[in-house]
Amino acid sequence: MANTIPDITLNDGNTIPQLGFGVFQIEPKDTAEAVGRALEIGYRHIDTAEMYGNEAEVGQAVRASGLDRGEVFVTSKLSNGFHRPDDARRAFDSTLAALKMDHIDLFLIHWPLPTRYDGDFLSTWKVLEEFRRDGRARSIGVSNFQVPHLERLAAEADVAPAVNQIEVHPYFGNEDVRAYGNAHDIRTEAWSPIAQGKVLDDPTLLDIAGQVGRTVAQVVLRWHVQRGDIVFPKSTTPSRIEENFRIFDFELDDATMARISGLDRGEAGRQGPNPDTFDYLPD
Ligand SMILES: NC(=O)c1ccc[n+]([C@@H]2O[C@H](COP(=O)([O-])OP(=O)(O)OC[C@H]3O[C@@H](n4cnc5c(N)ncnc54)[C@H](OP(=O)(O)O)[C@@H]3O)[C@@H](O)[C@H]2O)c1
């Protein structure tokens, strides 16, 4: 079986490679090298954010790769500090300037911040709709939106988000939010897909990995893609960047998929912040 990365078609007709490379917590000085390595291996989708502080280095690596801009799908996200419409417009200009790109493939509201900005993420979303209309963002979406936040956009926005990027891994299936996305043609992007390494010594997952002759990371990433979600594991270790790429040349059967889904601990399995209360603003 060839290791070919499938393209997923979004609700706006654009396509996104189902596997990408995440750069959260990669120091700016290490980012160009890691992204360059990922592009060499064959990744064609990079997930960054203003708040990661490494957009410029992502752009640098894409240019240095020699690939055409159109061959690499680039996502970035609006900083929590810039939800007010004029700030969001300036921040988006800065993102494109840092990347040295004239458009981005996908731009997201990073967090809904329901306890900030008088709970108004709608006017922020309207500004992302402008970026889509003027073509500088090919697709727009959200991140860490809970079902009531998505319902509010459905009721009041002109454009539905193409994706919702949320925490999902075997210990936290986030099934309610995923189900809403599936029912409304909003694709789920699963962040921290291997729970930043915390699922890697799980006995059930080790058992499955032994049975299928793969590593635990590969088994977990494969579980995500068979569920239809988009993933972009992060690593600065060359052998792991390569390992995480080799997940399209084997398959998990239904019983194994169910065993992995059965590890869900509900809210107790969440590793990152709860979007209902998360209110971080950068300095
Ligand atoms: N929207 C959001 O709010 C949000 C939040 C968090 C993350 N994200 C996105 O999702 C991406 C992925 O999530 P994440 O970075 O939090 O966590 P992750 O991809 O689940 O895990 C990354 C950690 O796992 C290690 N690792 C990676 N592959 C491995 C392998 N094959 N074997 C053993 N260890 C391995 C890495 O170590 P080394 O680097 O040392 O190899 C790193 O410590 C981020 O980079 C970011 O793009 C978005």
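A residue counts as near a molecule if one of its heavy atoms lies within 4 Å of it. The model is predicted, so to speak of local features takes pLDDT of at least 70, side-chain atom pairs count only at pLDDT 80 or more, and totals for chains, interfaces and linings use all residues. Residues are numbered from 1 along each chain as its sequence is written, and side-chain values use heavy atoms, with hydrogens and water left out.

**Exercise 1.** Work out how many residues surround the ligand and which are the closest.

- Start with the count: 29 residues surround the ligand.
- Next, pick out the closest: D47, S192, K234, S235 and T237.
- Then find the largest share of that shell: three residues from helix α9 (residues 238-245), a helix being a DSSP run (H or I) of at least four residues.

**Exercise 2.** Find polar side-chain atoms that sit by an oxygen atom of the ligand.

- Polar contacts here are pairs of N or O atoms within 3.5 Å.
- S192 puts a polar side-chain atom 2.8 Å from a ligand oxygen.
- For W191, the distance to a ligand oxygen is 3.4 Å.
- Now the cover: alone, the ligand exposes 910 Å², and the protein buries 88% of that (Shrake-Rupley, 1.4 Å probe).

**Exercise 3.** Classify the ring pair of F107 and F131.

- Rings pair if their centres lie within 6.5 Å, and planes over 60 degrees apart count as edge-to-face.
- The F107 and F131 centres are 6.1 Å apart with planes at 70°, so the pair is edge-to-face.

Technical notes
A polar contact is a pair of N or O atoms within 3.5 Å; within protein, one must be able to donate a hydrogen and the other to accept it, and residues adjacent in sequence count only if both atoms are side-chain atoms. Helices (H or I, at least four residues) and strands (E, at least two) are DSSP runs, numbered from the N terminus. Rings of Phe, Tyr and Trp (its six-membered ring) pair if their centres lie within 6.5 Å; planes under 30 degrees apart count as stacked, over 60 as edge-to-face and the rest as tilted.
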